[in-house]
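Good morning, colleagues. I would ask you to keep the sequence and the structure in view while I speak.

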Amino acid sequence: MRTKLSEFELGDMVLVYETDPHSSNVGLLMIPKHFRGFIAEQKNYRIDSLVQLKILGDNYPDGFSQGLTMRNSASTFGLKYEKQYCIDTEGQRTIVTVLRNNYGHQIEHHATWMPGDQAVLVQSKYVNSGLSSIFVEMLSSFSLGGITPFANDDAPDSLLVHQLRSKWSCEGRLQTSSIADLLLEPSWNRWGAYSYRFGQVGSMPVRGYFPFVAVEDMKHHVSWGVQLAHAASWQMEVYRRDDALCISGGLADREFGHWIKEIKAGEEFVTPPAIVSVCEGSIDQISQRLTAYHEKWLADKPEVENNLPVIFNEYCTSWGQPSSDSIKLACQKLKGTGIKYFVIDSGWYAEEGKPWYLSMGDWRVSPKLFPHGLEEAIEAIRECGMIPGIWFEIENCGSKSEAFSKTDLLLKRDGYPITAGSRRFWDFRNPEVIAYLSEKVIDFIKKYRFGYLKIDYNDTIGIGCDGAESLGEGLRQHILAVQDFIKRIQIEIPDLVIENCASGGHRLEPSMLAITSMSSFSDAHECIEIPIIAANLHRAILPQQSQIWAVLRKTDNAQRLYYSMINAFLGRMCLSGDIHDLNETQWKIVTEGIEFYEKISPVIKVGFSYRFGPTVQSYRSPTEWQVVFRVSADSSQALAVVHSFARNDQGQIRIPIPGNLSLKVETVYAEKESDPKIQSGEIVFPLDDDFEAMAVLFAVV
């Protein structure tokens, strides 16, 4: 039996809180506002608690679920509704639902929303009001039940689960599975419980999967979606025991992420936030509602970022051997092009006889590469009208550095320094580490007046570290301390533009995006699959924060140069490569591409993206074609970024015009002088070669 406890209308979403009068458990259902009248009142399901909890010593869940899930343990069933209230401050509304457990402790569920938001920020808080410690093995950030509320049965053949898969240089691949394929149909007597649990263990939160999940009701065209904001071990669960599907997630629990947390008497513990939304639509609609929430985090970023300026990063020019001479040469080539940032990447600290990729951590300027000091190169950058930037891998130290042997300052597991190949990791919980890095990083940036900082990160800590009640909790504390240090950099140098990079895209999650201006999209520096990955990321991060490489080679023909430049129109343009060796014809293609990027930057900055084309099976050997069509927020302009891959046999590419917009071609950037045609509600792009690209800016009339 279920009864409605309360209902809150938040923009075009409705939060429905349900309670079971017998157990006093409270569940949370989210629906689109105009679907209120379609709820199936006779649906057979049990209230699934809006907070999932497991306390050490309490009974584990039944239904053959140990090892699969810690959801719905005795700790969760012991949660009883106490009260609910709203906190309204400065246009922001927070709905607080207060529960009590068998220990007399208070558990709070917070759902926060502001007018204009397309999602709700959800967190859980555990308040130990008792006289002794308790140990928590699992505590969810969010939990939604009742999916789908628009079918009286278990909605067979109607529900899909969407995930974003990821590995190095292959980020954001969409994986869509049916409920049946995930073994999430209910059992014949609704006894056996099953959970499809997935996530990531370690300090690279976008490794294997993005911290994202979406469920789509195909029959009713409604989708639910969540992004978790956490840069350490995390998990998501899609759970089924009866006719309703449930999704939950948060910190990786004891089974999945080696996490146990002691909450002492009088202490509180708050989970990482989850961005949660529901809408009429499919994967593109729900995912971009979640990423739209990220826009509020950019309000306090440096003003220089407002127009999404172009970056030049010399990594694929020098490959870890930057020098005063090479930088001065590149600056003269880039002068007057409109490029704003010039980033000196890895290797500037290389010492004689030590490879640059093994000597991070000591951070001394190389006298061989910069015989007259770093000042000479920085002044050359400024004289050419650009802002100098510098690369650091602040969290790691390489095996050839002196720092590698400072084991008292490094993370350990089982008493041994955690060594991943040739890297070890500073322990950011140690004040000595913060003092050391404040001098080596913050004071260094201030001394040379850098305006741009690229923070890289090239291995993972793994299951966790010593120094807390569990390895997973040690990892959580350490990563929060790392983020505090990054925030400290920004506070001390407010105008500094900070780039988030972790072997390319291994940290593309909301909590890192929130504290940095932009992020490296991938390490696929000059691969043919760049546009595929860049398009994927429109579902995970804002294009204005997605820095995409366009690596230019002196051996590139015109078709390849256009392909590389147009890749970067899917986000923030970052140039690199053989720029000083390009001939006049090649350089003209590049400079015209920069001018085109400046015209389309308002569409990149705020808008909505549609992807068209067959599913790409092999990223390394892609076939057929892809179009990303992006409409500006004010619907005045639209951008089409078109790529053909191998075996594009059609001679042309056709897409329907989204929303039946009336379009007029404004500007085209392509090798061939042939505009697309608009006819019968379609756009026809004249691409007839393999690995050809075209970008078109339309006026919406």
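Asp284 is buried, with a relative accessible area of 14%. In this predicted model, Asp284 forms a salt bridge with Arg539, and the closest N and O atoms are 2.8 Å apart. Arg539 likewise counts as buried, at 9% relative accessibility.

The side chains of Lys125 and Glu268 meet in a salt bridge, at 3.7 Å from N to O. Lys125 belongs to strand 8 (residues 120–127) and Glu268 to strand 19 (residues 268–270), so this pair ties together parts 143 residues apart in sequence. Lys125 counts as buried at 18% relative accessibility, whereas Glu268 is partly exposed at 49%.

Glu473 and Arg476 both lie in helix 8 (residues 471–492), three residues apart, which is about one turn of the helix. Their salt bridge has its closest N and O atoms 2.7 Å apart, and both residues are buried. In total, the structure holds 44 salt bridges.

I turn now to the cysteines. How many disulfides does the structure contain? The count comes to zero. Two cysteines illustrate the result. The sulfur of Cys316 has its closest cysteine sulfur in Cys574, at 8.3 Å, and that is too far for a bond. For Cys384, the closest cysteine sulfur is in Cys331, at 4.9 Å, again too far for a bond, because the cut-off is 2.5 Å. Cys316 is buried, with a relative accessible area of 0%, and Cys384 is buried at 8%.

Next, helix 12. This helix spans residues 584–605, which is 22 residues, and reaches 31 Å from its first C-alpha to its last, close to the 32 Å expected at 1.5 Å a residue. At its start, a side-chain oxygen of Asn583 reaches to within 3.1 Å of the backbone nitrogen of Thr585. Further along helix 12, a kink of about 45° lies at Lys599, shortly before the proline Pro602. The buried residues of helix 12 include Trp587, Phe596, Tyr597 and Ile600.

Finally, I come to strand 35. Is strand 35 largely enclosed or exposed? Eight of the eight residues of strand 35 (residues 637–644) are buried, so the strand is largely enclosed by the rest of the structure. Gln637, Leu639, Val641 and His643 point one way, and Ala638, Ala640, Val642 and Ser644 point the other way. In a regular strand, side chains alternate between the two faces of the sheet.

Strand 35 has two antiparallel partners to consider. Strand 34 (residues 625–632) is joined to strand 35 by seven bridges, and the two run antiparallel. Within this pairing, Val627 stands opposite Val642. Four residues separate the strands of this hairpin, in which Ser635 takes a positive phi near 60°. Seven bridges also join strand 35 to strand 40 (residues 693–700), again antiparallel. Here His643 stands opposite Ala693.

Note on methods
Residues are numbered from 1 along each chain as its sequence is written. This is a predicted model: local features need pLDDT of at least 70, side-chain atom pairs count only at pLDDT 80 or more; totals for chains, interfaces and linings use all residues. Side-chain values use heavy atoms; hydrogens and water are left out. Buried means under 20% relative accessible area, exposed over 50%, partly exposed in between (1.4 Å probe, protein chains only). A salt bridge is a side-chain nitrogen of Lys or Arg within 4 Å of a carboxyl oxygen of Asp or Glu. The expected span of a helix is 1.5 Å times one less than its number of residues. The bend at a residue is the angle between axes fitted to the seven residues ending there and the seven starting there. A polar contact is a pair of N or O atoms within 3.5 Å; within protein, one must be able to donate a hydrogen and the other to accept it, and residues adjacent in sequence count only if both atoms are side-chain atoms. Two strands pair if DSSP finds at least two bridges between them.
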